[in-house]
Amino acid sequence: MARQATGAAQRVAVAAETLRDEKFNARRIELAEAALETLGELGFARTSLREIAQNSAFTHGVFHYYFSDKLDLICCCVRHYKAKCVTRYDEVVTTAQSRDELTEGFLAKLAATLENEARMHRLWYDLRSQAMFEPAFRKDVLEIDKSLEAMIWRIATRYAELGNKRPASSPAALYALFDGLFQSALLRHLADDKKAVPDLLDEVRRLLPTIC
């Protein structure tokens, strides 16, 4: 009986700890979402926790309680945002019944994210550059890069499958190609180049049949 009581108490303690962790992580996500706007606008180097707090509904002390420092907050922000990004094209990949349908669905979402979420993508490239100098970023950046590589590979393999083919490139090479095109288009878009998005879409439309 005593052992049963002890076991029950331990299960309750574990459940309570799990609930605390879930609430703590949920609060971190809430704060990360509040910080994204400021980070996307100012970038890593020009943003402090105090400045993020001043541009949100939360106090500086709250941010310090949930994040050890600015690096911790930014990593959380980008992980959270990119976790949503990597599923952006999944519905198109799942539902497309032809190569043309997949191409047009993919390009529509590609144009929308470049036009509507440019500052968030800019923050990602800022963080990836900072990872060259800041070891604290490297693990997260490498993991995010692998998830984005897998996202592009899902598109490529489905496109190839619809044409009874196989991709002519490795996942890493294909991701590097599309990422380079996207980053270049992003910079042009941020510089108010009206042809940035149409040029990107035309380039991807030409490339897909040659590599898949």
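**Salt bridges**

Q: What does Arg-128 form a salt bridge with?
A: Arg-128 pairs with Asp-145, and their closest N and O atoms are 3.0 Å apart. Salt bridge here means a side-chain nitrogen of Lys or Arg within 4 Å of a carboxyl oxygen of Asp or Glu. Arg-128 is in helix α7 and Asp-145 in helix α8 (residues 135-162), so the pair ties together parts 17 residues apart in sequence. Helices are DSSP runs of H or I, at least four residues, numbered from the N terminus.

Q: Are Arg-128 and Asp-145 buried or exposed?
A: Arg-128 and Asp-145 are both buried. The cut-offs are under 20% relative accessible area for buried, over 50% for exposed, and partly exposed in between (1.4 Å probe, protein chains only).

Q: Before I go on, what am I looking at?
A: It's a predicted model, where local features need pLDDT of at least 70 and side-chain atom pairs count only at pLDDT 80 or more, while totals for chains, interfaces and linings use all residues. Residues are numbered from 1 along each chain as its sequence is written, and side-chain values use heavy atoms, with hydrogens and water left out.

Q: Ok, how many salt bridges does the structure hold?
A: There are 16. One of them joins Glu-41 and Arg-119, at 2.5 Å from N to O. Glu-41 lies in helix α1 (residues 2-42) and Arg-119 in helix α7 (residues 118-130), so this pair ties together parts 78 residues apart in sequence.

Q: And what's the relative accessible area of Glu-41?
A: Glu-41 is partly exposed at 39%, and Arg-119 is partly exposed too, at 33%.

Terms used
Helices (H or I, at least four residues) and strands (E, at least two) are DSSP runs, numbered from the N terminus.
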